[in-house]
Amino acid sequence: MNSPDDIWAKVLILMESDMTPTTINTWFDDTRAISLDANQFVLYTPSTFKRDIILSRYLSSIQKALHELFSADFKIVILGEGELEHFQKPEETPFLPGTEEYTFERFVVGSSNKFAHAAALSVAENPAQSYNPLFIYGESGLGKTHLLYAIAHKIHIGYPQFRIIYIKGDSFTNELIQAIREGRNQEFREKYRYADLFLMDDVQFIAGKESSQEEMFHTFNTLYEAGRQIVFTADRPPKEMLRLDDRLRTRFEWGLPVDIQPPDYETRVAIIKNKAIRRGMHLPDPVLQYIAENITSNVRQIEGTVNKILAFQELMGESVDVETVTKAVRDMFKDKTEFLPSPDIIIEEVSKFYNIDNDALRGQGRTKDTALARQIAMYEVRRMTNLSLKEIGKEFEGRDHTTVMHSINRIEKLMKTNPEIAEIIKDINANINAHYE
């Protein structure tokens with residue numbers, strides 16, 4: 001059987017009919033073949049710049065030559081600087097997020113999520129062939145992450161050789177900051193740009209973060225041009241991410257954006273039945289109706305309700321009826337506004353968003369970012385708690401109530417005139433509310 005080097009030599013000869021010898025010498029002089037199997041042809045060039053040019057300009061010519069030789073289509077992988085050693089390491093077990101709980105078989109399909117489910121299933125069955133990227137958006141707790149995990153599980157079964165990478169948007173930013181501090185930028189890039197399946201949850205958290213967006217732009221381009229599947233989830237569509245770079249927004253919309261809406265009554269009943277059966281519990285129809293009528297928007301809360309009912313039954317030994325269910329889960333049916341976050345949680349989330357230490361946010365730092373973040377924290381504490389202006393001031397090293405009022409008034413004005421500030425407040429609110437979901 002011909003070696004990969006022999007095949008590459010023949011490919012170069014066939015490519016001479018489509019390009020000049022100068023072009024071939026310029027871009028392929030130090031390119032060599034690494035491996036060839038039934039599905040994939042791997043090449044290596046020590047220049048990442050050349051790798052990117054080959055991917056963007058000459059990938060189709062290589063595929064055409066291989067098809068001419070074998071009458072079959074191959075996935076082309078081109079390794080750049082620093083990637084060969086990683087490729088030659090023993091195969092790692094692909095990272096699979098979630099558990100068997102989050103599969104397509106356990107996803108309850110209704111009118112509110114039917115389109116998103118169908119798109120996710122299509123991607124899982126034919127990665128990088130149907131919709132790339134797939135962008136799933138909707139409010140928290142509706143099943144976006146479930147679909148993300150389901151795609152990973154199904155692709156792992158159908159394509160066990162795939163390297164699957166899952167990351168949350170805020171974790172991507174934190175890892176990048178750590179990599180920059182430790183001088184591991186290349187290692188960071190290799191981790192994500194060598195994935196066969198790249199999954200990012202809550203991508204909205206990279207919006208407005210310059211370095212994260214720059215890395216995502218190049219990571220996206222590398223994966224997309226190499227024909228690897230990309231899937232994002234977010235709490236809103238790309239066009240509503242006002243702080244997102246235009247070039248990223250455009251790429252996020254290249255494939256298929258699909259939304260998930262809150263489940264209708266029939267779907268809520270089906271979800272409750274499904275989860276109860278899997279927990280070995282029978283819920284009478286009046287109980288099903290009671291839960292479905294009181295929990296109207298959040299699938300995650302439905303699951304929590306079923307779990308609490310089961311625990312109540314096991315611990316109290318009572319039969320499941322509407323009266324006992326009401327006692328078991330009455331706190332879960334309170335209006336969300338009754339859950340008041342503490343000032344500590346609010347300050348922690350604002351600090352994390354701006355990558356500022358909690359003490360610095362509460363203290364006397366006067367840098368532009370610290371001052372703005374502190375004012376936003378004061379505004380959020382005032383809006384989301386019952387604290388007085390004087391009490392809020394105590395949370396920020398004893399500032400007086402006039403300083404607090406000035407900060408609140410400034411943020412209120414900025415929210416009306418500066419869409420970026422309004423977007424930041426929206427992101428911070430989502431993070432704070434996540435503590436109570």
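**View 1. Overall content of the protein chain.** In this predicted model, the protein chain has 20 helices and eight strands. Of the 437 residues in the protein chain, 49% are buried, and among the contacts with a separation of 6 or more, 73% are accounted for by residues 24 or more positions apart.

**View 2. Packing of helix 1 (residues 4-15) with helix 3 (residues 48-70).** The axes of helix 1 and helix 3 come within 9 Å and cross at roughly 110 degrees; since angles of 65 to 115 degrees count as roughly perpendicular, the two helices are therefore described as roughly perpendicular to each other. The crossing in which helix 1 passes helix 3 is right-handed. On the side of helix 1, the residues Ile 7, Trp 8, Lys 10, Val 11, Leu 14 and Met 15 meet Ser 61, Ile 62, Ala 65, Leu 66, Glu 68, Leu 69 and Phe 70 of helix 3. Sorted by class, this contact comprises 10 nonpolar residues, one polar residue and two charged residues.

**View 3. The aromatic pair Phe 353 and Tyr 354.** The structure holds 22 aromatic pairs. In the pair shown here, the ring centres of Phe 353 and Tyr 354 are 5.4 Å apart and the ring planes stand at 70 degrees, so the pair is edge-to-face. Phe 353 and Tyr 354 are both buried.

**View 4. A cluster of aromatic residues linked by ring pairs.** The cluster joins Phe 135, Phe 172, Phe 188, Tyr 192, Phe 198, Phe 220, Tyr 224, Phe 232, Phe 252 and Trp 254 through ring pairs.

Technical notes. Residues are numbered from 1 along each chain as its sequence is written. This is a predicted model: local features need pLDDT of at least 70, side-chain atom pairs count only at pLDDT 80 or more; totals for chains, interfaces and linings use all residues. Side-chain values use heavy atoms; hydrogens and water are left out. Axes are lines fitted to C-alpha atoms, for helices over the stretch in contact, and angles run from 0 to 180 degrees between N-to-C directions. Helices (H or I, at least four residues) and strands (E, at least two) are DSSP runs, numbered from the N terminus. Angles under 35 degrees count as roughly parallel, over 145 as roughly antiparallel, 65 to 115 as roughly perpendicular and the rest as oblique. A crossing is left-handed if the near helix is turned anticlockwise from the far one by less than a right angle, and right-handed if clockwise. Contact means heavy atoms within 4.5 Å. Ala, Val, Leu, Ile, Met, Phe, Trp, Tyr, Cys and Pro count as nonpolar, Asp, Glu, Lys and Arg as charged, and the others, Gly among them, as polar. Rings of Phe, Tyr and Trp (its six-membered ring) pair if their centres lie within 6.5 Å; planes under 30 degrees apart count as stacked, over 60 as edge-to-face and the rest as tilted. Buried means under 20% relative accessible area, exposed over 50%, partly exposed in between (1.4 Å probe, protein chains only).
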